[in-house]
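Subject: Structure handover

Hello,

Here is the structure I promised to pass on. Please open it first, then read the notes below.

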Amino acid sequence: MSAAAAHQRSPIVLERMAPTHLADVLALGRELYDTSVKPYTSWSLSAIAGHMDADASSCWVALDGDALAGFVLGSMGFDQRADWGNLEWIASAPDYQGQGVASHLVQACCATLTAAGATAVVTDVESRNTASAALMRRNGFKESVSVTLFVRDAPDVVL
């Protein structure tokens with residue numbers, strides 16, 4: 001994007017995610033997420049709704065006028081830790097990557113979860129996603145437990 005086009009934009013505004021944002025959030029997630037790298041999760045309307053419907057929802061959108069620049073989905077509770085927040089999904093539209101949109105979304109999500117009582121906020125990043133790992137480090141996250149997903153394919157045996 002040219003510098004002139006960037007200057008013509010409206011200021012990016014963060015808003016709580018509302019039902020009117022669902023179609024755009026779902027479409028952006030489908031465009032950007034490759035869930036085959038984390039086959040234990042899936043990107044779907046129910047993934048969005050689960051976070052929006054949580055008691056301590058921390059779902060935000062970044063808007064450039066009416067255009068979706070990015071989103072984040074977070075909520076309280078992670079695994080068996082009710083006192084931890086979970087920043088599960090975050091995305092910036094391609095035209096907005098590298099412009100600080102994702103950092104603003106991370107900060108809003110974490111602030112909301114902390115205000116709701118989170119003693120920590122956790123997220124996971126696929127090991128090859130160096131841009132997301134750098135984003136999380138810039139926003140105060142540090143590596144903790146590392147987990148390796150083991151997969152055993154079914155043998156090609158005819159019984």
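**Helices H2 and H3**

H2 and H3 are oblique to each other, a word for angles that are not under 35 degrees (roughly parallel), over 145 (roughly antiparallel) or 65 to 115 (roughly perpendicular). Their axes come within 10 Å and cross at roughly 125°. Axes here are lines fitted to C-alpha atoms, for helices over the stretch in contact, and angles run from 0 to 180 degrees between N-to-C directions. H2 covers residues 22-32 and H3 covers residues 45-52. The crossing of H2 and H3 is right-handed: the near helix is turned clockwise from the far one by less than a right angle. On the H2 side, Leu22, Val25 and Leu26 meet Leu45, Ile48 and Met52 of H3. Contact means heavy atoms within 4.5 Å. The residues of this contact are six nonpolar, no polar and no charged. Ala, Val, Leu, Ile, Met, Phe, Trp, Tyr, Cys and Pro count as nonpolar, Asp, Glu, Lys and Arg as charged, and the others, Gly among them, as polar.

**Before you go on**

This is a predicted model: local features need pLDDT of at least 70, side-chain atom pairs count only at pLDDT 80 or more, and totals for chains, interfaces and linings use all residues. Residues are numbered from 1 along each chain as its sequence is written, and side-chain values use heavy atoms, with hydrogens and water left out.

**Overall layout**

The protein has five helices and five strands. Helices (H or I, at least four residues) and strands (E, at least two) are DSSP runs, numbered from the N terminus. Along the sequence the pattern is α-β-α-α-β-β-β-α-β-α. Of the 159 residues, 37% are buried. Buried means under 20% relative accessible area, exposed over 50%, and partly exposed in between (1.4 Å probe, protein chains only). Take the contacts between residues at least 6 apart in sequence: 63% of them join residues at least 24 apart.

**The core**

The largest nonpolar core has 36 residues. Such a core is a set of buried Ala, Val, Leu, Ile, Met, Phe, Trp, Tyr and Cys residues joined through side-chain atoms within 4.5 Å. Phe71, Leu87 and Ile90 touch the most other members. Elements giving two or more residues to this core include H2, H3, strand S3 (67-78) and strand S4 (81-92). H4 gives the most, with eight residues. Leaving aside neighbours within four places in sequence, the contacts of Phe71 include Val25, Trp43, Trp60, Ile90 and Leu105.

**Helices H4 and H5**

H4 and H5 pack at about 50°, with axes 10 Å apart. That makes H4 oblique to H5. Their crossing is right-handed. Ala102, Ser103 and Val106 of H4 make the contact with Leu135, Met136 and Arg138 of H5. By class, this contact has four nonpolar, one polar and one charged residues.

**Two residues to look at**

Is His21 buried or exposed? At 11% relative accessibility, His21 counts as buried. His21 is in the loop between strand S1 (12-16) and H2. Beyond four places in sequence, His21 is in contact with Glu15, Arg16, Val61 and Leu63.

Phe78 is in strand S3. At 33% relative accessibility, Phe78 counts as partly exposed. Not counting residues up to four places away in sequence, Phe78 touches Trp84, Asn86 and Val122. The C-alpha atoms of Phe78 and Val122 are separated by 7.7 Å. Along the chain, these two residues are 44 residues apart.

Best wishes
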